[in-house]
Amino acid sequence: MIARHATLIGGHGFIGRHLQARLLRDGWQCWVPQRVDSQLWRRDLGHVFHCAGLTADHAQRPFDTVEAHASLLNRVLHEAQYESLVYLSSTRLYDSLGDVSATEDLPLQLAPDNPRHLYDLSKALGESLCRVASGGRARVARLSCVWGGSDSEGFLPELMRRVLAARAESNASQRPRVHVESSLRFARDYVHIDDVVSALIALAMSDEFAICNVAGGRNVGNAELFERLGAASGCELTAAHEREAPALPRISVARMAEAFGWHPSDTMDQVSRIIEQGCACSTS
């Protein structure tokens, strides 16, 4: 059996590391180049996964954001040899649409004069390049909030670590408390890294759809999250304020389900299980 070849651009990041580990377990040969590696233009890249991107610091690094999301991609599509390419985009592109069922065919609403939309516009440009300049070889994965694994960052993983730390440091006479700088009304769509990796590989091996949402399929509110974390850990979680949150789109994952039989894990079940196991380990 001939091994498949994968090139992971931005493969040293959170998603790239987990993707590489899965590909290697499945028998793939993986290459994780530096962005300035001249071999990008000289060798057959096989199946490319474009994982490069900026998240939290994109507002402070606008030029790096465009470079990571579009400029390097532009050169790969134009000059490199590859069999397929999967571009990691974001469901943030739907945020301006409000409370709608966000399917992949919805027209987007992006404002060039809104600094926050630099991230969205650069991702949209990357998506457009994939659509018009790849000869049909590129697919787009719009990801929601990816979490999972001890090396993940973001609101949910950080909150889980705080809950486990509070539980470990508590004594039997006092219920541990965790105060969170957020609102009970805030919500996010979470998807586990293992589900994301499976979706990316499925997209690389198929040309059925150009764009697919890769998400949990429902928005998890902080009120529900705090309740489940509290029940699993015995901690009391409180929010710093009760600000109204903007209406969020509900991300549809029907296309991934119908095309690949892909179904994301339930985030709340996973969170409860991880917290319960962590608490059991700390008391054993």
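The model is predicted. Helix α4 packs with helix α6, and helix α1 packs with helix α5. The residues are Q270 in helix α8, D266 in the loop between α7 and α8, S90 in strand β4 and L110 in the loop between β5 and α3.

**Helices α4 and α6**

- Two packed helices are described by the angle between their axes and the distance between the axes.
- Helix α4 spans residues 155-169, and helix α6 spans residues 222-233.
- Their axes lie 11 Å apart, at an angle of about 30 degrees.
- Angles under 35 degrees count as roughly parallel, so α4 and α6 are roughly parallel to each other.
- The crossing of α4 past α6 is right-handed.
- On the α4 side, the contact uses F155, L156, L159, M160, V163 and R167.
- On the α6 side, N222, L225, F226, L229 and S233 take part.
- By type, the residues of this α4 and α6 contact are 8 nonpolar, 2 polar and 1 charged.

**Helices α1 and α5**

- Helix α1 covers residues 14-25, and helix α5 covers residues 193-204.
- The angle here is about 65 degrees, and the axes are 10 Å apart.
- Angles of 65 to 115 degrees count as roughly perpendicular, so α1 is roughly perpendicular to α5.
- α1 and α5 make a right-handed crossing.
- α1 contributes F14, I15, H18, L19, R22 and L23.
- These meet I193, D194, V197, S198, L200 and I201 of α5.
- The contact of α1 with α5 holds 8 nonpolar, 2 polar and 2 charged residues.

- D266 sits in the loop between α7 (254-260) and α8.
- D266 has 31% relative accessibility, so this residue counts as partly exposed.
- The D266 side chain reaches the backbone nitrogen of D269 at 2.9 Å.
- D266 and A280 are 14 residues apart in sequence, and their C-alpha atoms are 22 Å apart in space.
- Q270 belongs to helix α8, residues 267-283.
- Q270 counts as buried because its relative accessibility is 10%, and the cut-off for buried is under 20%.
- Leaving out residues up to four places away in sequence, Q270 touches W147, H192 and S265.

**Strand β4: S90**

- S90 lies in strand β4, which runs over residues 84-90.
- S90 is buried, because its relative accessibility is 6%.
- Its side chain reaches the backbone nitrogen of R92 at 2.9 Å.
- Setting aside residues up to four places away in sequence, S90 touches Y119, A141, R142 and L143.

- L110 is found in the loop between β5 (101-102) and α3 (117-133).
- L110 has a relative accessible area of 24%, so this residue is partly exposed.
- L110 touches L93, H117, D120, L121 and A124, with residues up to four places away in sequence not counted.
- L110 and R75 are 35 residues apart along the chain, and 25 Å separates their C-alpha atoms.

Notes: Residues are numbered from 1 along each chain as its sequence is written. This is a predicted model: local features need pLDDT of at least 70, side-chain atom pairs count only at pLDDT 80 or more; totals for chains, interfaces and linings use all residues. Side-chain values use heavy atoms; hydrogens and water are left out. Axes are lines fitted to C-alpha atoms, for helices over the stretch in contact, and angles run from 0 to 180 degrees between N-to-C directions. Helices (H or I, at least four residues) and strands (E, at least two) are DSSP runs, numbered from the N terminus. Angles under 35 degrees count as roughly parallel, over 145 as roughly antiparallel, 65 to 115 as roughly perpendicular and the rest as oblique. A crossing is left-handed if the near helix is turned anticlockwise from the far one by less than a right angle, and right-handed if clockwise. Contact means heavy atoms within 4.5 Å. Ala, Val, Leu, Ile, Met, Phe, Trp, Tyr, Cys and Pro count as nonpolar, Asp, Glu, Lys and Arg as charged, and the others, Gly among them, as polar. Buried means under 20% relative accessible area, exposed over 50%, partly exposed in between (1.4 Å probe, protein chains only). A polar contact is a pair of N or O atoms within 3.5 Å; within protein, one must be able to donate a hydrogen and the other to accept it, and residues adjacent in sequence count only if both atoms are side-chain atoms.
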